[in-house]
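I opened this notebook to keep a record of what I looked up in one model. The entries follow the order in which I consulted it.

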Amino acid sequence: MKALLVEDHQLLRQSLIACLQRCYVDWTFGEAESIQAARLALRTPWDVVILDLLLPDGSGFDLLPYIKSARLKTKVIVL
């Protein structure tokens, strides 16, 4: 499984990934700090996107339609 964490706070992003890696050792994790970075990361398929709503370049809600139109099977967890 592949999970992309979209969170603008670096320490929180790294901490969440470290915690998740303990439980999901077989998973691959990616990170993005903004909507723009997330769109670039979403050029490759992800099974799960863990999405913060308050990002520096807009709302995570703005990214939801893009995720759903580009990746129908991608699940989204909103923080």
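The entries below go from the whole chain to the sheet, the cores and single residues.

**Entry 1. Overall form**

I note at the outset that this is a predicted model. I looked up the secondary structure and found three helices and six strands in the chain. Read from the N terminus, the order of elements is β-α-β-α-β-β-β-α-β. I then turned to the radius of gyration, which is 12 Å; the globule rule gives 12 Å for 79 residues, so the chain is as compact as a globular protein of that length. Along the principal axes, the C-alpha atoms occupy a box of roughly 30 × 25 × 20 Å.

**Entry 2. Surface and contacts of the chain**

I recorded an accessible surface of about 4,900 Å² for the chain, with 59% of it belonging to carbon and sulfur atoms. Buried residues account for 35% of the 79 residues. I also looked up the sequence range of the contacts: among those with a separation of 6 or more, 67% are between residues 24 or more positions apart.

**Entry 3. The sheet**

In which order do the four strands of the open sheet lie? I read the order as β2-β1-β3-β6, with parallel pairing. The edges are formed by β2 (28-32) and β6 (75-78), each of which pairs on one side only. On average, neighbouring strands of this sheet are turned by 20° against each other, direction ignored.

I then followed the pairings of β1. Strand β1 (residues 2-6) joins β3 (residues 48-51) in the parallel sense through four bridges. Towards β2, which also runs parallel to β1, I found five bridges. In that pairing, lysine 2 stands opposite threonine 28 of β2. Four of the five residues of β1 are buried, so I describe the strand as largely enclosed by the rest of the structure.

**Entry 4. Alanine 3**

Is alanine 3 buried or exposed? Its relative accessibility is 0%, and because buried means under 20%, alanine 3 counts as buried. Leaving out residues up to four places away in sequence, alanine 3 touches Trp27, Thr28, Phe29, Gly30, Trp46 and Val48.

With 27% relative accessibility, leucine 16 counts as partly exposed. Beyond four places in sequence, leucine 16 touches Leu5 and Leu79. Leucine 16 and leucine 5 are eleven residues apart in sequence, and I recorded 8.5 Å between their C-alpha atoms.

**Entry 5. Nonpolar cores**

Which residues of the largest nonpolar core touch the most other members? Of its 14 residues, these are Leu4, Val6, Ala32, Leu42, Val49, Leu51 and Leu63. The elements that give two or more residues to this core are β1, α2 (35-41), β3 and α3 (60-70). I found that α2 provides the largest share, four residues.

I looked up valine 49 in more detail. Apart from its neighbours within four places in sequence, valine 49 is in contact with Leu4, Val6, Leu42, Ile67, Thr74, Lys75, Val76 and Ile77. A second, separate core has six residues, including Leu5, Ile17, Val48 and Ile50.

Notes. Residues numbered from 1 in each chain as written. Predicted model: local features only at pLDDT ≥ 70, side-chain atom pairs only at ≥ 80, totals over all residues. Heavy atoms only, no water. Pairing = 2+ DSSP bridges. Axes fitted to C-alpha atoms, helices over the stretch in contact; angles between N-to-C directions. Buried < 20%, exposed > 50% of the residue type's maximum accessible area, 1.4 Å probe, protein only. Contact = heavy atoms within 4.5 Å. Rg over C-alpha atoms; globule rule 2.2 N^0.38 Å. Areas by Shrake-Rupley, 256 points an atom, 1.4 Å probe, with all protein chains shown as cover. Core = buried A, V, L, I, M, F, W, Y, C linked by side-chain atoms within 4.5 Å.
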